[in-house]
Amino acid sequence: MDEDLDSYRRELLVHCYRMVGSVHEAEDLVQETMLRAWRTRDRYEPRLASVRTWLYKIATNVCLTALRGRARRPLPSGLGGPSDDPDAPLTPSLEVPWLQPFPDALLDDPAARIVRRGSLRLALVAAMQVLPPRQRAVLILRDVLEFGAAETAELLETSPAAVNSALQRARAGLSGVAAEEEIAEPDDAEIAAVLDRYVRSFEAADVDGLVALLTDDAVMEMPPVPLWYRGRRDYGRFMARVFAMAGADWRMARTSANGQPALVAYRRSEGAYRLHTLQVFTVTPRGVARNVVFQDARVFAAFDLPEILGG
């Protein structure tokens, strides 16, 4: 039984992350799930539910308890309109519990199989955070994990009718999120080529080269700074400011997050390339549609990023 429990740890981590929007909190909630499962393992009835279903019931309720009275985890674009001032103060709002990205390196093979294309992307997880926690749980269990209505009702100790009603409201709440089929796969050859060009332009501090890769309504946001920008013009103006402030000597390393391509930017300072930001991209056939730029020590720790490139 103990071995069976541990084999679900990674996919439960993904589930808890979707619920709470933080890798570190999700890890704590998975640990709590495992402790509760171990303590109650003698009461588990295989005739009533599979081990997986039983664990999801425990994990979902652990998450719902943790979310009581908590503020949601947003991205800057979820808090207000875009800025058109490239020189606006870059003052972090550290009191906001910002949404964090999920390192794809934490997905082992079994967990990767249950992460459907697009179902972990940042825009979707951010939209889920706006939903009331029980609606969020229903949406994830029904539409992402594909539990049936009766099974979901059992997990949440409610009725199938209540589940169906919550699911309808949750879907309506996500109506503005782009359809999954509009999001290009990060390992697609064309997407890799776009990222190659982005890296070359960024490392050369070539603003025009970066802007040429963007969609017309491309978004840049940068938690914990609450500012965000929309459109090629303002994206480019802000990048010109970045290069003017931080210099023109950069290196980038590749990674991935939330099933999306990501780049780690290192800035030349004091004789070394030092960690600056983690950037998570949404790339469509039309170009780079969104870049969420994280400059948060907790995010860097979750991705195990070296402070100095090559160090």
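**Note on helix packing and cores**

1. Helix α7, residues 133-144, contains glutamine 135. The model is a predicted one. Is glutamine 135 buried or exposed? Its relative accessible area is 13%. The cut-off for buried is under 20%, so glutamine 135 counts as buried.

2. What does glutamine 135 touch beyond its neighbours within four places in sequence? The contacts are Ala166, Arg169 and Ala170.

3. Helix α9 covers residues 160-173. The axes of α7 and α9 are 8 Å apart, and the packing angle is about 95°. Angles of 65 to 115 degrees count as roughly perpendicular, so that is how α7 sits to α9.

4. Who makes the contact? By class, the contact of α7 with α9 has 6 nonpolar, 2 polar and 4 charged residues.

5. A second pair is α2 (residues 9-20) with α3 (residues 23-39). Their axes come within 8 Å and cross at roughly 125°. The crossing of α2 past α3 is right-handed.

6. From α2, the contact with α3 takes Arg9, Leu12, Leu13, Cys16, Tyr17 and Val20. From α3 come Val23, Glu25, Ala26, Glu27, Leu29, Val30, Gln31, Thr33 and Met34. The tally for this contact is 10 nonpolar, 2 polar and 3 charged.

7. Next, the nonpolar cores. The largest has 70 residues. Which of them touch the most other members? They are Tyr17, Met19, Phe102, Leu278, Phe294 and Leu305. Helix α4 (residues 51-67) gives the most to this core, 11 residues. A second, separate core has 31 residues, among them Val207, Ala218, Leu227 and Val283.

8. Tyr17 links two of these points. It belongs to the α2 side of the contact with α3, and it is listed among the core residues that touch the most other members.

9. Phenylalanine 102 deserves a look in the viewer. Setting aside residues up to four places away in sequence, phenylalanine 102 touches Leu13, Val14, Tyr17, Val23, Leu107, Leu120, Ser256, Ala257, Asn258 and Phe303. Of these, Leu13, Tyr17 and Val23 also take part in the contact of α2 with α3.

How values were computed. Residues numbered from 1 in each chain as written. Predicted model: local features only at pLDDT ≥ 70, side-chain atom pairs only at ≥ 80, totals over all residues. Heavy atoms only, no water. Axes fitted to C-alpha atoms, helices over the stretch in contact; angles between N-to-C directions. Helix = DSSP H or I, 4+ residues; strand = E, 2+ residues; numbered from the N terminus. Left-handed = near helix turned anticlockwise from the far one by under 90°. Contact = heavy atoms within 4.5 Å. Nonpolar A, V, L, I, M, F, W, Y, C, P; charged D, E, K, R; others polar. Buried < 20%, exposed > 50% of the residue type's maximum accessible area, 1.4 Å probe, protein only. Core = buried A, V, L, I, M, F, W, Y, C linked by side-chain atoms within 4.5 Å. Parallel < 35°, antiparallel > 145°, perpendicular 65-115°, else oblique.
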